[in-house]
Amino acid sequence: DALAEQHADFCVEVAERLCTEEEGRCSTDRCRCANLTWARQELQTLQDGQLCFNCMPPSVYCSVEPDTCTLAPCECKDPKNV
């Protein structure tokens, strides 16, 4: 059918997938983070140990300045400071 052949030229393929950003979930397909400042993490599923990916925001490091508090949740940049 000529119409089917004509429309076959317009098939769309998925170029890339976005990783989930939902805590506790991961994407089993190769993917990238929608927010380019976020980091993609490689994880494993609990059920069968399959490789999966999720995205996490960049780390916020705690202040090391004397008498200065970091008001948001943070982590130590240097493990010796834990």
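**The disulfides**

Author: The torsion about the S-S bond of cysteine 19 and cysteine 31 is about 100°, so this disulfide (a pair of cysteine sulfur atoms within 2.5 Å) is right-handed. The pair links distant parts of the chain, 12 residues apart, with both cysteine 19 and cysteine 31 in the loop between helix 1 (2-8) and strand 1; helices (H or I, at least four residues) and strands (E, at least two) are DSSP runs, numbered from the N terminus. This is a predicted model, in which local features need pLDDT of at least 70 and side-chain atom pairs count only at pLDDT 80 or more, whereas totals for chains, interfaces and linings use all residues. Residues are numbered from 1 along each chain as its sequence is written, and side-chain values use heavy atoms, with hydrogens and water left out.

Cysteine 19 and cysteine 31 are both buried, where buried means under 20% relative accessible area, exposed over 50% and partly exposed in between (1.4 Å probe, protein chains only).

The link of cysteine 26 and cysteine 52, with -80° about the S-S bond, is left-handed. Cysteine 26 lies in the loop between helix 1 and strand 1 and cysteine 52 in strand 2, so the pair ties together parts that are 26 residues apart in sequence. Cysteine 26 is partly exposed, at 28%, while cysteine 52 is buried, at 0%.

The link of cysteine 33 and cysteine 55 is also left-handed, with -100° about the S-S bond, and it connects the loop between helix 1 and strand 1 with strand 2, across 22 residues.
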